[in-house]
Amino acid sequence: MANKFDVVIIGAGAAGLMCAAEAGKRGRSVLVVDHAKKPGRKILISGGGRCNFTNYDVTASNFVCRNPHFAKSALSQYSQWDFIAMIAKHNIAYEERSHGQLFCEDSAKEIVQMLQAECDLPTVEQRYRCDVHDITKTDSGFSLKLNTDKVECESLVIATGGLSMPKLGATPFGYQVAEQFGLKMVPTTAGLVPFTLHKEEKEAFAELSGIAVPVTIEAEDGTYFKESLLFTHRGLSGPVILQISSYWTPGQKVTINLLPDVSLSDTLNTMRASNPNQSLKTALSRLLPKRLVEVLIDRGDITDKPLKQYNEKEVASLDTYFHSWSIAPNGTEGYRTAEVTLGGVDTNELSSKTMEAKQVPSLYFVGEVMDVSGWLGGYNFQWAWSSGYVAGQYA
């Protein structure tokens with residue numbers, strides 16, 4: 001005999017648990033299944049263990065999606081303020097950091113505990129270490145096997161996430177389900193991920209590992225961010241690199257303003273007037289980390305000599321170099337360190353109001369499995385809450 005549920009949700013992450021709680025509140029009998037031992041593994045490690053659970057400022061423009069309007073409906077049905085209200089209801093202390101990012105003051109565990117409390121309903125059941133296979137469409141919904149048990153449901157929700165962080169159990173399962181039912185896919189790549197550099201640049205900048213510089217960065221499509229850049233042993237990281245990586249494709253360059261808050265030509269001209277014998281290295285080391293300046297001199301990118309020996313054309317050239325430092329990454333560190341997966345289930349296949357597949361009644365997709373990826377700063381969690389909530393109203 002098959003166990004029967006109104007809703008089966010595959011994936012016990014942020015979106016899946018949110019969906020389970022909402023469907024359960026409607027009185028639907030819900031089964032949440034996951035192949036992991038415990039729920040919310042990605043939540044627990046996010047934000048350095050503090051979980052950047054949303055942002056004060058959320059709009060559809062904070063997301064990467066082939067359909068830039070898709071996220072609007074879900075975000076309006078369940079906004080950041082709705083989630084903040086849930087946090088307040090559960091007395092979870094939180095703090096605001098830069099750019100409106102909200103983090104738990106204590107631990108990301110509180111978010112998982114809150115979601116579990118919301119799911120603590122007589123109609124909601126959870127099963128872990130559970131392999132799902134043999135999903136088929138039936139006249140009344142779906143049938144599937146969970147380990148050796150056969151289960152039937154009216155509605156099936158896929159909340160299995162993307163390919164990022166395979167150590168946490170990420171798999172392409174959700175994409176395989178989408179393809180099984182004929183849904184189109186947007187090719188996937190790693191997003192919010194550090195850049196690797198070509199051999200020569202990697203070797204030159206490796207000694208700067210750990211040095212951070214506030215910069216602005218621009219992709220070839222014109223997207224730009226202002227945040228910190230971090231040099232690493234493998235290449236470039238830091239918030240600004242993670243952000244721009246979602247707008248970069250292999251072979252493209254990124255343009256970095258290493259001195260976003262000063263005019264280098266004006267500053268050098270002022271320094272030259274007051275101290276003409278000062279070397280360029282000394283002058284630049286007042287504005288940038290000394291080791292970075294030394295590497296640029298050693299590479300021959302700039303020439304060190306007293307400021308009085310620079311003519312206007314050379315000063316202008318230095319200004320251009322530092323305000324639009326151009327670099328072509330070799331690649332990214334890939335899914336191993338990526339915070340999100342770009343691409344996924346094509347949103348044109350889904351209803352933006354309900355998250356239901358247009359051609360497959362009662363099949364829903366929520367969270368990262370679809371082609372909606374947020375910026376760094378709490379946006380991906382907000383998408384999980386919003387899409388999970390919406391599907392929970394209809395599944």
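The count of salt bridges comes to 20, where a salt bridge is a side-chain nitrogen of Lys or Arg within 4 Å of a carboxyl oxygen of Asp or Glu. The model is a predicted one, in which local features need pLDDT of at least 70 and side-chain atom pairs count only at pLDDT 80 or more, while totals for chains, interfaces and linings use all residues. Residues are numbered from 1 along each chain as its sequence is written, and side-chain values use heavy atoms, with hydrogens and water left out.

Among these pairs is the one between Arg28 and Asp6, whose closest N and O atoms are 4.0 Å apart. Because Arg28 lies in the loop between helix 1 (14–25) and strand 2 (30–33), whereas Asp6 lies in strand 1 (residues 3–10), this pair ties together parts that are 22 residues apart in sequence; helices (H or I, at least four residues) and strands (E, at least two) are DSSP runs, numbered from the N terminus. Both Arg28 and Asp6 are buried, a term that means under 20% relative accessible area, with exposed meaning over 50% and partly exposed in between (1.4 Å probe, protein chains only).

Glu118 lies in helix 5 (residues 109–118) and Lys25 in helix 1, so parts that are 93 residues apart in sequence are tied together. Glu118 is buried, at 6% relative accessible area, whereas Lys25 is partly exposed, at 44%. Both residues belong to a network of salt bridges that links Glu22, Lys25, Lys89 and Glu118.

Another salt bridge joins Lys42 to Glu368, with 3.0 Å between the closest N and O atoms. Since Lys42 lies in helix 2 (residues 41–45) and Glu368 in the loop between strand 20 (363–365) and strand 21 (373–374), the pair ties together parts that are 326 residues apart in sequence. Lys42 is partly exposed, with a relative accessible area of 28%, and Glu368 counts as buried at 16%.

Gln382, finally, is placed in helix 13 (residues 379–394) and is buried, with 0% relative accessibility. Its side chain makes a polar contact with the side chain of Thr54 at 2.7 Å, a polar contact being a pair of N or O atoms within 3.5 Å; within protein, one must be able to donate a hydrogen and the other to accept it, and residues adjacent in sequence count only if both atoms are side-chain atoms. The side chain of Gln382 also reaches the backbone oxygen of Tyr78 at 3.4 Å.
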